[in-house]
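Subject: Structure handover

Hi,

Here is the structure for you to look at. My notes follow below.

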Amino acid sequence: MTVSTHGLRLATPSQRLRTAVELLSSMRFAISLLTVICIASVIGTILKQHEPATNYVNQFGPFWAQLFLALKLNAVYSAWWFLLILAFLVTSTSLCIARNTPKILADLRNHKETMREQSLQAFGHRAQGALADAPEAAARRIGQALARSGWKVKLQQRPTDQGDGWMVAARAGAANKLGYIAAHSAIVLVCLGGLFDGDLIVRAQMLLGGKTPYTGGGMLADVRPEHRLPATNPTFRGNVLVAEGSQSATAILSQSDGILLQELPFSIELKKFIVEYYSTGMPKLFASEIVIHDRETGEAVPARVEVNHPARWRGIEIYQSSFDDGGSSVKLAAVPLNGTGRPFEVAGVIGGNTQLTRADGTAAQSMTLEFSGLRVINVENMADASRSGADPRKVDLRDSIGQHLGAANKPGGRKELRNIGPSVSYKLRDAAGQAREYNNYMLPVDMGDGVPVFLLGMRETPAEQFRYLRLPADDQGSIDGFVRLRTALADPAARAEAVRRYAAKATDPARPAVTEQLAASAGQALALFAGDAAAGGKGAGLGAVSDYLEARVPQAERDRAGEVVVRILGGVLFELAQLTRERAGLQPLDAGERTQAFMAQAVVALSDAFLYPAPMAFQLKDFQQVQASVFQVTRSPGRNVVYLGCAFLIIGVFAMLYVRERRLWVWLAPAGGGSAVSMALSSNRQTLEVDREFERLRHQLLGS
């Protein structure tokens, strides 16, 4: 049984199959698929792709994270359902082309010269007239004139009661319907190119070739063959990290449940990674000087890879994707923040780790220091840095110093880009495997508070912003002054001596009772601030002092009492700082503005240090940078197919939007010694240009 389906002839006895073909080749089905693809693309744009599962849990919670992973929304463009939709779209559009192309081609060959004279009167653009020439001569003259104007013309002779009449049938703008074929073919080509360059072939190898994602750790050389793809793989897109002075011949292909290793037919050796900067300190060029070592011929080819200027070898493009640390050596100094620890130094390599053990040596108290990253250049917008905010206790980066460390917080504001020096990132992981991430700057940063501060950043999860503790730099530009003050605050004897000195200086020696009363108040305030349990407070820092006053002072007198306590606390801490300098053999602090700024910032920093989740922070003391380039290597056989599809799409859209299909009929019948003329014009779009063209043709052909 043969069934005609609008140009597509399908020989099948199955009614269900015919119905399925009708559905697949329908416009409604194709539009539905395109809608789903658009929605999936929006999801893939909004939701970060190929992130670790823990990131989704931290950001959305366990339920939604599990749902996203189950639906493969973390890898939309390589999800099986997305590839299946693309395959259906290719099938649907191909059937649609096969269904309509024969009809379109037949219509292009048909001039419709059999149009009846009476039918011409039904057109909106029609005219009648008379010519002196006989019908045949007039028909040939009109046909030649139209042909010279780019029309495709066909003449037909017809017998009438008065003699033979002639029909001139002409058409122009056939590219309009060819644009339909080109635009639909573009969809097929782009989808096929996307399928070729997507994960379809990689997934086919995993399914048919026994390849599985690798989820472990260790060296790349130790990964087993079932996690590796051969160098003959026809399509892939992966990343290669190469440190300066080393080479690599293996790319990493990220999968939703692990990675695959892609062998390359060559190795990439990084000779030098180049970064050039503008005068403002912003980078203007990233480039890599590489040598490509062909594994088959042994040929060594030098090349330079820049952003948007890839190198090519054996059909594989090598793009400059990003840069990373290649194993820099760092030396960190431990800064005790709990007042009881001792300074020490630790050395390591970025990407490595070292074990730290508390003084008692117990495993439960041990921590692992993981060296995460080193940034030598940190260019930030420091315009209007004097605006540090009214509340000095805000330590959140976006709330407290965000207005100094980024132009996005001051739209339209003045920019003052400045390199604030190197920073080091590390993680402290406890015995249970829980870790916090830290980011500390090497040099003090002038935030406009009257004294430079060291920025110590911390966050619980990668989804959070860093929160920064600001420690004031002493008169030598060092963190040592604050560390001495913090250590003395934890020493009851030092606190007692500072209280004695403060009370003696602030009162009249002839009034010992007043001195003793002030000493008792100062000692109580300092003990509360230091977190001494014997003082009867809860916690430590300014919060403990505030809670103590709230519990014991009437609300009407609380503000005045708070001002007095803060003034006393500032005076005692100043004496404590003087005591630490005296014991260190340094000159005492003066009473200048810088000292006042140092003490004001120190009070806030000491209070916030009690909330710091680690007993010490690690300050970058020295480093030897080793840079690495991250290259994206791609083999894209579907790229040219996509380019061809894009060309077809441009041609098709242009043809459908800007090319008008027109048909013209001129009927010439014998009338006396001449011809009676009936003329009509049709167009697929009715515009003013059609009206003008019809008038021009009427004057040209009929002369009226």
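Contact here means heavy atoms within 4.5 Å. Helices (H or I, at least four residues) and strands (E, at least two) are DSSP runs, numbered from the N terminus. Axes are lines fitted to C-alpha atoms, for helices over the stretch in contact, and angles run from 0 to 180 degrees between N-to-C directions. With that in hand, helix H18 (residues 688–702) lies across E3, strand E26 (662–671) and E27. Helix H18 runs at about 10 degrees to E3.

This is a predicted model: local features need pLDDT of at least 70, side-chain atom pairs count only at pLDDT 80 or more, and totals for chains, interfaces and linings use all residues. Residues are numbered from 1 along each chain as its sequence is written, and side-chain values use heavy atoms, with hydrogens and water left out.

Overall form

The protein chain has 18 helices and 27 strands. Its radius of gyration is 41 Å, well over the 27 Å that the globule rule gives for 704 residues, so the chain is more spread out than a compact globule. (The radius is taken over C-alpha atoms; the rule is 2.2 Å times the number of residues to the power 0.38.) Along the principal axes, the C-alpha trace spans about 145 × 65 × 55 Å.

Buried residues make up 46% of the 704. Buried means under 20% relative accessible area, exposed over 50%, and partly exposed in between (1.4 Å probe, protein chains only). Of the contacts with a separation of 6 or more, 63% are between residues 24 or more positions apart.

The five-stranded sheet

Five strands form an open, antiparallel sheet in the order E3-E27-E26-E5-E4. Strand E3 (125–131) and E4 stand at the edges, each with a single partner strand, so one side of each has no neighbour in the sheet. Neighbouring strands are turned by 15 degrees against each other on average, direction ignored. Two strands count as paired if DSSP finds at least two bridges between them. E4 and E5 pair over nine bridges, in the antiparallel sense. Lys154 stands opposite Ala169 in E5.

Gln162 sits in the loop between strand E4 (152–160) and strand E5 (163–172). Is Gln162 buried or exposed? It is exposed, with a relative accessible area of 59%. Gln162 and Ala671 are 509 residues apart in sequence, yet their C-alpha atoms are 7.6 Å apart in space.

Ser683 belongs to strand E27 (residues 674–683). Ser683 is buried, at 13% relative accessible area. Its side chain reaches the backbone oxygen of Arg685 at 3.0 Å. That is a polar contact: a pair of N or O atoms within 3.5 Å, where within protein one must be able to donate a hydrogen and the other to accept it, and residues adjacent in sequence count only if both atoms are side-chain atoms. Leaving aside neighbours within four places in sequence, Ser683 is in contact with Arg660, Glu661, Arg662 and Val690.

The three-stranded sheet

Three strands form another open sheet, in the order E15-E14-E24, with antiparallel pairing. Strand E15 (345–349) and strand E24 (616–624) are the edges, each pairing on one side only. The twist averages 30 degrees from one strand to the next. Strand E14 (residues 329–336) and E24 pair over eight bridges. Which residue in E24 is the bridge partner of Lys331? It is Asp622.

Nonpolar cores

A nonpolar core is a set of buried Ala, Val, Leu, Ile, Met, Phe, Trp, Tyr and Cys residues joined through side-chain atoms within 4.5 Å. The largest has 65 residues, and Leu573 and Phe618 have the most contacts inside it. Helix H15 (residues 555–583) gives the largest share of this core, eight residues. Not counting residues up to four places away in sequence, Leu573 touches Leu485, Leu489, Leu526, Phe529, Met599, Val603 and Leu606. Another core, of 26 residues, lies apart from that one, and includes Ala251, Leu264, Phe273 and Ala311.

Positive phi

Lys72 has a positive phi, near 60 degrees, and is not a glycine. Lys72 is in the loop between helix H4 (62–70) and helix H5 (80–109). At 25% relative accessible area, Lys72 is partly exposed.

Asn308 also has a positive phi, about 70 degrees, without being a glycine. Asn308 lies in the loop between strand E11 (300–306) and strand E12 (311–313). Asn308 counts as exposed, at 68% relative accessibility.

Best wishes
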